[in-house]
Amino acid sequence: MSRSMWRSLFLFLVLALVLTGCGKPYLSALDPAGPVAEKQFSLIKLSLYIMIGVLAVVMIIYVYVLIKFRQRPGQDGYPEQVEGSHTLEIIWTVIPIILLIILAIPTVVTTFSLAESYSDEEEAGDALLIKVTAHQYWWEVEYPDQGIVTAQDIYIPTGQRVYFELTSKDVIHSFWVPSLGGKTDTNPGLTNNMWLKASEPGVYHGKCAELCGPSHALMDFKVIAVEPEQFEQWVATMTEYDDKPKTALAEEGRAIFEQSCIACHATDGVTKSPYPNLAGFGDREMIAGILQHNEENLARWISNPEEVKEGNQMPSATELGLSENDIEALVEYLMQLKLQ
């Protein structure tokens, strides 16, 4: 191998080592927070242990062969050729088969255990059903048994199995909450199922894991796990949601909302609208799934959504004929849409 190739290999290894530290720490399948993610993490570890073992054995044999059969001083021509060994051939055939069996059995068992369906009432038990519909570039969330419709933030109770029915309204997306479980595609005209469970309260970040358009990387959502009592309180609040303005400016903002935005967005927590239901918007974790939740970013989003999330279908303030004062009033109203 030439010097330039050794240099390229060294740079590649250094780059690979550095890049292993990249990425968002809260988007990691290596930090499981529920039984589904823990089972999948166990399979990852089992695969790694087997691969490391195989690599170690191969490297030991490789180094041994390099030393034992190296060319010695004064040795000319080809060394003595050795024919194949039936014993060795049997060993390196049987061992991979054993390793595949060790990996395949837990993989198959785990895969079937994670594929249980909500349609079986006995298996479902007291599970919570949530229907998720993916859109470019947001997530619609429906709780059919509770009569709740929301978007972006998915509330679930801790310690309870949650079944998801996943589909898409436009193109193929993929529903992924790394800390709680693996990816499941959302396909137009097809419903896929999966279940998750959160062991502890917390905010778990989710992403679309299927390249779906120019803003694919910005298609985020949150799974908010709360104690069962808090979840029941959230359900009661959403079904009896009070979206009345609390200030004069917010009252003005509501009038603008009903004139320019009501055809696309609902604010009552139970109405299914073409675009995100905004009930409890003031308590959301993020704006448009990616911006920090504050008045400045909300005004920025309303003014020019295309600048924030390319390819989304929300019209700009200019297209809606909104002035700076209108935007300020809208921001005041939307920020008051809180659950408490």
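Predicted model: local features only at pLDDT ≥ 70, side-chain atom pairs only at ≥ 80, totals over all residues.
## Thr-150, a buried residue

With a relative accessibility of 3%, Thr-150 counts as buried, because buried means under 20%.

The side chain of Thr-150 makes a polar contact of 3.4 Å with the side chain of Arg-284. Setting aside residues up to four places away in sequence, Thr-150 touches Trp-139, Glu-140, Val-141, Tyr-143, Met-238, Asn-277, Ala-279 and Arg-284. Arg-284 therefore turns up both as a polar partner and in the list of residues that Thr-150 touches, given that contact means heavy atoms within 4.5 Å.

Apart from residues within four places in sequence, Tyr-143 is in contact with Leu-128, Leu-129, Ile-130, Ile-148, Thr-150, Ile-154, Tyr-155, Phe-231 and Trp-234.

Tyr-143 also belongs to the largest nonpolar core, which has 67 residues. Together with Ile-130, Ile-154, Phe-164 and Phe-175, Tyr-143 is among the residues with the most contacts inside this core. Helix H10, covering residues 324-335, gives the most to the core, with 7 residues.

## A nonpolar patch on the surface

Nonpolar residues can be found on the surface too: Leu-30, Ile-44, Leu-48, Tyr-49, Met-51 and Ile-52 form a patch there. Together they have about 630 Å² of accessible area.

Ile-44 counts as partly exposed because its relative accessibility is 33%, between the 20% and 50% limits.

## Salt bridges

Side chains of opposite charge can pair when their charged atoms come close. How many salt bridges does the structure hold? There are 5 of them.

One of these joins the side chains of Lys-272 and Glu-142, with 3.6 Å from N to O. This pair links distant parts of the chain, 130 residues apart: Lys-272 is in the loop between helix H6 (248-260) and strand S11 (286-287), while Glu-142 is in strand S2 (residues 138-143). Lys-272 is exposed, with a relative accessible area of 54%, whereas Glu-142 is partly exposed at 22%.

Another salt bridge is formed by Glu-258 and Arg-254, whose closest N and O atoms are 3.2 Å apart. Because these two residues are 4 residues apart in helix H6, about one helical turn separates them. Both count as partly exposed: Glu-258 has 45% relative accessibility, and Arg-254 has 21%.

## Around Arg-300

Next, take a look at Arg-300 in helix H7 (residues 295-303). The side chain of Arg-300 meets that of Glu-307 in a salt bridge, at 3.7 Å from N to O. Arg-300 is partly exposed, with a relative accessible area of 36%, and Glu-307 is exposed, with 53%. Elsewhere, salt bridges with shared partners join Glu-140, Glu-142 and Lys-272 into one network.

Which residues is Arg-300 in contact with, leaving aside its neighbours within four places in sequence? They are Leu-291, Glu-307 and Val-308. As for Ser-316, this residue lies 16 residues from Arg-300 along the chain, and the C-alpha atoms of the two are separated by 10.0 Å.

Note on methods
Residues numbered from 1 in each chain as written. Heavy atoms only, no water. Core = buried A, V, L, I, M, F, W, Y, C linked by side-chain atoms within 4.5 Å. Buried < 20%, exposed > 50% of the residue type's maximum accessible area, 1.4 Å probe, protein only. Polar contact = N/O pair within 3.5 Å; in protein donor to acceptor, adjacent residues only side chain to side chain. Patch = residues over 30% accessible without salt bridge, like charges linked within 9 Å, V, L, I, M, F, W, Y side chains within 5 Å. Areas by Shrake-Rupley, 256 points an atom, 1.4 Å probe, with all protein chains shown as cover. Salt bridge = Lys/Arg side-chain N within 4 Å of Asp/Glu carboxyl O.
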